[in-house]
Amino acid sequence: MKQENKIKEKGERIAKFLARSGVASRRESEKLISYGRIKLNGKILSTPAVKVTSKDVVLFDNQPVAPKQPLRLWRYHKPDGLITTHKDERNRSTVFDELPKELGRVISIGRLDLTSEGLLLLTNDGELARALELPSTGWQRKYRVRAYGKVNQHDLDKLQKGITIDGIKTGPIIAILERQKGDNVWISVTLREGKNREIRRALDTLRLRVNRLIRISYGPFQLGNLDKGAVEEVKLRVLKEQVGHLIEIPDVKNVVENKISSNKKLPLNKGLHKPPLGNFKFNKRHPANRGKLSERSEKKSHSRVNTNNNRKKS
């Protein structure tokens, strides 16, 4: 009797599987399990201490969890008035309600509160989201802040060593006075980890009431001139250069990278228009056009001969 060598497929923890499938980060995936929103092979899962393989059927809110997609990252210019959550108990408009449906399910890297605006990174990979959120990554987050009140640089420097808010010590907050304009002041703020409403609460200790907060960068990724409400995918090459040391990023071919306006709900493959014929220039030197060029020359010379002959006859 021949002995069959069966190689068992190595499973991975269910929270990691959900994170890599873009459902949520590992920590949030564990919460989803505790809420009874994850099913494994038809049964509600009650513990995250389970491993799954490709043979298992995993459901999230009774919907099949799609196989892991190629890792992708987008820059999104979040307008104020949107909350950064997938579901809001008060039925307020969320960031994910306004995103183009063609993006599929994505999660945010960090958050911006309801009245904040600016750069919000989005990804379809929970592992990447977790890696970029960790304070140990050491990425700076930069903001431009407008606040009601008056302050000088000496007072702002008090935030550099961190301060205690409600018994919790913050990390260093670098605040640079840009300009005082009437009763409002513009300040540039940089920090490496941000707790809930940390900038607003920190400036409040200096009697400054924040009335506008714009995130302009998150690590190496900049808001730039991205229109409000627009989404732009980060190119794979850039993604590898910037985060390849934090998480494995496999080579992916035929991934369409495009800028999308969430207001217009444009599909990913639109906007890639062919140039109009009137603007098309025939490249004589291109090898593929050499034969066409000779054919054109022959046709032109032939038409000239016919024209000359007709003139002689007349």
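**Entry 1**

Is D155 buried, partly exposed or exposed? I looked up its relative accessible area, which is 22%, so D155 counts as partly exposed. The classes I used are buried for under 20% relative accessible area, exposed for over 50%, and partly exposed in between, with a 1.4 Å probe and protein chains only. The side chain of D155 meets that of K158 in a salt bridge, at 3.3 Å from N to O. I count a salt bridge when a side-chain nitrogen of Lys or Arg lies within 4 Å of a carboxyl oxygen of Asp or Glu.

**Entry 1: Basis of the notes**

I note that this is a predicted model, in which local features need pLDDT of at least 70 and side-chain atom pairs count only at pLDDT 80 or more, while totals for chains, interfaces and linings use all residues. Residues are numbered from 1 along each chain as its sequence is written, and side-chain values use heavy atoms, with hydrogens and water left out.

**Entry 2: The whole protein**

I found eight helices and 18 strands. Helices (H or I, at least four residues) and strands (E, at least two) are DSSP runs, numbered from the N terminus. The protein has 314 residues, of which 38% count as buried. Of the contacts (heavy atoms within 4.5 Å) between residues at least 6 apart in sequence, 64% join residues at least 24 apart.

**Entry 3: Other salt bridges**

My search of the whole structure gave 14 salt bridges. In one of them, D113 and R200 meet through their side chains at 3.3 Å, N to O. D113 lies in the loop between β8 (107-109) and β9, and R200 lies in helix α6, so this pair ties together parts that are 87 residues apart in sequence. D113 is partly exposed, at 21% relative accessible area, whereas R200 is buried, at 10%. I also looked up D88 and R92, whose side chains meet at 3.0 Å, N to O. D88 is buried, at 16% relative accessibility, and R92 is partly exposed, at 27%.

**Entry 4: The nonpolar cores**

A nonpolar core is a set of buried Ala, Val, Leu, Ile, Met, Phe, Trp, Tyr and Cys residues joined through side-chain atoms within 4.5 Å. Which residues of the largest core touch the most other members? They are I187 and L203, in a core of 33 residues. Strand β14 (184-191) is among the elements that each supply at least two residues of this core, as are β7 (73-78) and α6 (198-204). The most comes from β14, which gives four residues. A second, separate core has 22 residues, including L71, I107, Y218 and L226.

I located T123 in strand β9. T123 is buried, with a relative accessible area of 0%. Among the residues that T123 touches are W74, I107, L128 and A129, when residues up to four places away in sequence are not counted. A polar atom of the T123 side chain lies 3.1 Å from the backbone nitrogen of D125. A side-chain oxygen of D125, in turn, reaches to within 2.9 Å of the backbone nitrogen of E127, at the start of α4. Helix α4 (residues 126-133) is mostly covered, with six of its eight residues buried. L128 and A129 are among these buried residues.

Notes: Polar contact = N/O pair within 3.5 Å; in protein donor to acceptor, adjacent residues only side chain to side chain.
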